[in-house]
Amino acid sequence: MDLNAPHSMGTTIIGVTYDGGVVLGADSRTSTGMYVANRASDKITQLTDNVYICRSGSAADSQIVSDYVRYFLHQHTIQLGQPATVKVAANLVRLLSYNNKNMLQTGIIVGGWDKYEGGKIYGIPLGGTIIEQPFAIGGSGSSYLYGFFDQAWKEGMSKDEAEQLVVKAVSLAIARDGASGGVVRTVIINSDGVTRNFYPGDKLPLWHEELEPQNSLLDILSAASPEPMNI
Amino acid sequence: MGMKGNGSNHECSRERVKGEEEAAAELLLCREPIRIMSKGEVDYVHARGGFSFDSCRRNEMLLNKGLKPSSFLKTGTTIVGLIFQDGVILGADTRATEGPIVADKNCEKIHYMAPNIYCCGAGTAADTEAVTDTISSHLKLHRYHTARESRVVTALTLLKSHLFRYQGHVSAALVLGGVDVTGPHLHTIYPHGSTDSLPFATMGSGSLAAMAVFESKYHEGLSRDEGVKLVCEAICSGIFNDLGSGSNVDICVITKGQKEYLRNHLLPNPRTYISSKGYSFSKKT
């Protein structure tokens, strides 16, 4: 077991726009190789009062990038004289990610609300592309959610619908991805402000039936042999 | 049949293009070209049974040819921290190892950062000492400059920036704890520069043994005595179950305005066999 392996967040992160704002969601597992170094980490980090980001990939790289962007955004807010827009925040993240693409390994979803564009989600995956999307998913657990979102996402959801969608999606990914787990954290950002929610892991649906307990293999062997599968 | 032919062609061309060294390096990294074993080979492997020393022979051959083996660094340590009712308790074992040898049976792993902040270090001893000393001096200058008590987040930011700059080559895994005006804080810092903020934390090779104790017995609102007892249990779990940790237990209790450094709080490994005659050797032996 390599306790010296870099801290990585095999993760599930999600950002979804709804009618009036955005909902960001993430799991809480940080792994060092095969060991869970932190089972209750907070991957949704604040940049400003109205802009938050979801971090995935290398824990160190994503923390440093978010620290730098928070610093630049703070400066920018002072110079501008009003709250920064989500687009500016996303572009600052993109500039750092793209210009240091050889050294960094981090996938980020930027989400927030500003008075000009409303709720916006920007996905900034590994190479430093920036893409504005109605919803974005990232991290190792996102592989299991592409089909789910294609079917389940729709325009003009309400705040509660959007949050339920995010929680359901993260719990589905946790069920299938070994590198995601723990609790589900969500952050809702709209014109009224920011709301943080927390869904403990044992309250989430398992998405599979518990297997029947078996005392001995002899019980299974003596039963009739299973039918071959039909196509 | 056709597939096997293609396979061996691919193999041969690869070995002609690359040097033997690179092919050997590829083998070590387990990027072997896929070979289809003939039926005779498969039966041979099963018939022998037991451990196959083929890989050992291959490794020896590679070492003779001059390939350097991959180095590994053992963070032989158990360090823990927990937040209790009135503050923070840090704990550490006292064994320093040099490969398989115990270099120091009673070393100090809980380092001073500020009057209200202490830091346990696992990893390369030189790295943990140097990085904590450097940041401790930095914090002192900062205290003079600002005329205020140091805050744990300041130490955290200084440490994480330093470690990130060195991209994990400064092998220091730290548990940083302290009490400042904003309250008690406990953080873990990894060699690559990532940090976590937790109510209880363990690091080092004995971290799994210690974490098992914490996960079953930790709860919020521990009293000082309960906290010290739990930290001792966790460190002892590391001392007795991890080969890289051993000897004694050091504890540091930090509360608002006060700190207690309990060096060798527990000595669960006393020297049991002491010759009554003493050790005297005649001259010139």
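Trainee: Which side chains meet in a salt bridge at 3.5 Å, N to O?

Mentor: A:Asp67 and B:Lys160. A salt bridge here is a side-chain nitrogen of Lys or Arg within 4 Å of a carboxyl oxygen of Asp or Glu. This is a predicted model: local features need pLDDT of at least 70, side-chain atom pairs count only at pLDDT 80 or more, and totals for chains, interfaces and linings use all residues. Residues are numbered from 1 along each chain as its sequence is written, chains are lettered from A and ligands numbered from 1 in the order written, and side-chain values use heavy atoms, leaving out hydrogens and water.

Trainee: How many salt bridges between chain A and chain B?

Mentor: Two.

Trainee: And how many residues are in contact?

Mentor: 18 of chain A with 19 of chain B, where contact means heavy atoms within 4.5 Å.

Trainee: New topic. What is the strand order in the open sheet of chain B?

Mentor: β5-β6-β7-β8-β9, with antiparallel pairing. Strands are DSSP E runs of at least two residues, helices H or I runs of at least four, numbered from the N terminus. Two strands pair if DSSP finds at least two bridges between them.

Trainee: Which strands stand at the edges?

Mentor: β5 (110–114) and β9 (195–197) of chain B. Each has a single partner strand, so one side of each lacks a neighbour in the sheet.

Trainee: How many bridges join β7 to β8 in chain B?

Mentor: Seven, between residues 172–180 and 183–189. B:Val179, for one, has B:Pro184 as its bridge partner in β8(B).
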